[in-house]
Every structure is written in structure tokens, then in C-alpha cells.
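Hello,

Here is the structure I said I would pass on. My notes on it follow below.

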Amino acid sequence: MPFGHELWDQWREVEEYAGNGIQFLDKLTEFIRKRSEIEAEYSQRLGKLAKSYKDELSKKVSNDRISFTKAIQSRWFFFFL
């Protein structure tokens, strides 16, 4: 709807049109706020999950390195080469 000289007597329609736009923006703002809360919670939980597996994996790798080092230091390692 173009606004101009044609609408000088249509102020109620213009006001309703603007009000509908404001209601839409209010709903959109609420949607974006709720979505951002959900995404923030999701990222925190995903970070905790990744950290738990990272800690578990780093312990396993550390134990594997110790085992490999012990195998190298033992004479049996060279027997299998």
C-alpha cells in the first residue's frame, strides 16, 4: 500500500496496517529470543559432552603411550620386530 496523498483520509487503515506490523515484529522478537535461549543451552550441553569424551580419550591415549614406552624399553619389543 503506497502512502501519500491518496491516504490523507485513511488514517485508521494506516494505523491498523502499522499496528499489524508492530504485532508481527513483537512475535518475531519473541521467537528469536526463545530460539537463542534454546541454542545457548544446546551449545553448553554439547560442550560438556565433547569435554567428557575428550577427557576420556586423552586418558586412553596417555595410557597407550605409557604402554608403548614400556614395550620399547623391554627386550620383548625388539623380538617382535
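A residue counts as buried under 20% relative accessible area, exposed over 50%, and partly exposed in between. R33 has 37% relative accessibility, so R33 is partly exposed. Please keep in mind that this is a predicted model.

Overall picture: the chain has two helices and zero strands. Of its 81 residues, 1% are buried. The chain exposes about 8,200 Å², and 62% of that comes from carbon and sulfur atoms.

Salt bridges: there are five in the whole structure. R33 pairs with E37, with the closest N and O atoms 2.5 Å apart. Both residues lie in helix α1, four residues apart, which is about one turn of the helix. E37 is partly exposed, at a relative accessible area of 46%.

K34 forms a salt bridge with E30, where the closest N and O atoms are 3.8 Å apart. This pair also sits in helix α1 with a spacing of four residues. K34 has a relative accessible area of 44%, and E30 has 32%.

R35 and E39 meet in a salt bridge at 2.8 Å, N to O. They are four residues apart in helix α1, so about one helical turn separates them. R35 is partly exposed at 47% relative accessibility, and E39 is partly exposed at 40%. Through shared partners, salt bridges join E30, R33, K34 and E37 into one network.

Surface charge: D9, E13, E15 and E16 gather in a negative patch on the surface. Of these, E13 is found in helix α1, which covers residues 11-73. E13 is partly exposed, with a relative accessible area of 40%.

Regards

Conventions. Residues are numbered from 1 along each chain as its sequence is written. This is a predicted model: local features need pLDDT of at least 70, side-chain atom pairs count only at pLDDT 80 or more; totals for chains, interfaces and linings use all residues. Side-chain values use heavy atoms; hydrogens and water are left out. Patches are made of residues with over 30% relative accessible area and no salt bridge: like charges are joined within 9 Å, nonpolar side chains (Val, Leu, Ile, Met, Phe, Trp, Tyr) within 5 Å. Accessible areas come from the Shrake-Rupley method with a 1.4 Å probe; for residues, only the protein chains shown count as cover. A salt bridge is a side-chain nitrogen of Lys or Arg within 4 Å of a carboxyl oxygen of Asp or Glu. Lys and Arg count as positive and Asp and Glu as negative; His and the chain ends are not counted. The place of a charge is taken as NZ of Lys, CZ of Arg, CG of Asp or CD of Glu. Buried means under 20% relative accessible area, exposed over 50%, partly exposed in between (1.4 Å probe, protein chains only).
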